[in-house]
Amino acid sequence: MSLSHIQSLRLAAVLEDCLDQLDILGHSLTVQISREQGTAGGQERTRLTKLRRDCQHIWQHVFKLHLELEEKQSFSCLLQVVEEVEQKKKAEKMQREAKRALKQREQNILRQQEEIKQKTEKLEDLKEVARELTRKVNQQSAQMAHRKMILEKNSELQLQLTQKESSQSEKQLGDQLELLQKQLKEEVRVHEESHKFLQNQHEELQQQLQQWQQRTKQMLQEKEQQLNSVRCKRTVNLDKLSDMRRKFREMEQVVMEDREEQEKLRQQQALARSAIKLQAWWRGCMVRKGLGSFKKAEDNKKGKKKKEGKKKKKK
């Protein structure tokens, strides 16, 4: 695609200015790279170096475009660069996808290998368990055979011992049977003698019971007679007691009346003495204060004294 001469010149001037700016930027990046030191500086230097390399790459493409605009008034190299970038991006994308697929495949393979390993370990464990079970079964079979032989021997010994004990038991039981028969005869004899003795005792006790019943009957009759006499005496005593209580109440009434009369007399005497004392006190008060009849007598005395005083003055 071609441009006019004026457009080409304008674009060339702009690109030339861009080249100058890129030169300045590259120079400043070079200075910064030379200043960075240390571990942190190394990381920054790497970043600046990559940035400077990108600037140089851009400067080369801009320079090619500038030459093409000046010489051919076209920018086909720019289209080529764009196409190359797109192809590069596609290639990188395909490469990333291939790497991702390869990584996924590797992960699947690793997972399958891990599963196979786990299954193999489980299989080995199962084989070990099977061997252990087989060993235990063989051991138990041997133990069962040994136990069976021991049980058979024990059974034979037990049978012999049982037969021997049975014969001894039969003999002991026979001896015990004879002894029990003798004891039974002795018990029968003792029982008959005890029965006779108890029968005699029963008859004697019956006779004693009849005698005691007769005596008890006589004693009851005597006690009833005594009780009747006691009841008669009690009735007489109760009558006497009632009479004495009546007399006591009468005497108590007389004593109470006498006490009341004496109390009334004492109160009357006390009132009389109080009245006499009160009259004497009142008479004294009237005399001292000249009240009533005692006042006139005092006035007469005062009048006489005044007359005698006047007579003395005249003399």
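The expected span of a helix is 1.5 Å times one less than its number of residues.

**Figure 1. Helix H1 of the predicted model reaches close to its expected span.** Helix H1 covers residues 5–35 and contains 31 residues. From its first C-alpha to its last, H1 reaches 45 Å, close to the 45 Å expected at 1.5 Å a residue. Buried residues of H1 include Ser8, Ala12, Gly26, Leu29 and Ile33. Leu15, Leu19 and Leu22 of H1 are likewise buried.

Figure 2. Of its 315 residues, 8% count as buried. The chain exposes about 29,200 Å², of which carbon and sulfur atoms supply 56%. Among contacts with a separation of 6 or more, 53% join residues 24 or more positions apart.

**Figure 3. The largest nonpolar core draws on helices H1 and H2.** This core has 6 residues: Leu15, Leu19, Leu22, Val62, Leu65 and Leu69. Helices H1 and H2 are the elements that give two or more residues to the core. An α-helix has 3.6 residues a turn, so residues three or four places apart point the same way.

**Figure 4. Thr49 and Ile33 approach one another in space.** Thr49 is found in helix H2, whereas Ile33 is one of the buried residues of H1. The two residues are 16 residues apart in sequence, and their C-alpha atoms are 7.1 Å apart. Is Thr49 buried, partly exposed or exposed? Its relative accessible area is 24%, so Thr49 is partly exposed.

**Figure 5. Trp59 and Phe63 form a stacked aromatic pair.** A search of the whole structure finds 2 aromatic pairs. In the pair of Trp59 and Phe63, the ring centres are 5.3 Å apart and the planes are 5 degrees apart; planes under 30 degrees apart count as stacked, so this pair is stacked. Both residues lie in helix H2 (residues 38–72), where they are 4 residues apart, about one turn of the helix. Trp59 counts as partly exposed because its relative accessibility is 28%. Phe63 counts as partly exposed as well, at 33% relative accessibility.

**Figure 6. Trp281 and Trp282 form a tilted aromatic pair.** The ring centres of Trp281 and Trp282 are 6.3 Å apart. Why is the pair described as tilted? The planes of the two rings stand at 45 degrees, so the pair is tilted. Trp281 counts as exposed because its relative accessibility is 52%. Trp282 has a relative accessibility of 48% and therefore counts as partly exposed.

**Figure 7. Arg215 lies over the face of Trp212.** The view shows an arginine and an aromatic ring, Arg215 and Trp212. Arg215 is placed at 5.4 Å from the centre of the Trp212 ring.

Technical notes:
Residues are numbered from 1 along each chain as its sequence is written. This is a predicted model: local features need pLDDT of at least 70, side-chain atom pairs count only at pLDDT 80 or more; totals for chains, interfaces and linings use all residues. Side-chain values use heavy atoms; hydrogens and water are left out. Rings of Phe, Tyr and Trp (its six-membered ring) pair if their centres lie within 6.5 Å; planes under 30 degrees apart count as stacked, over 60 as edge-to-face and the rest as tilted. Buried means under 20% relative accessible area, exposed over 50%, partly exposed in between (1.4 Å probe, protein chains only). A charge sits over a ring if NZ of Lys or CZ of Arg is within 6 Å of the ring centre and within 35 degrees of the ring normal. Contact means heavy atoms within 4.5 Å. Accessible areas come from the Shrake-Rupley method with a 1.4 Å probe; for residues, only the protein chains shown count as cover. A nonpolar core is a set of buried Ala, Val, Leu, Ile, Met, Phe, Trp, Tyr and Cys residues joined through side-chain atoms within 4.5 Å.
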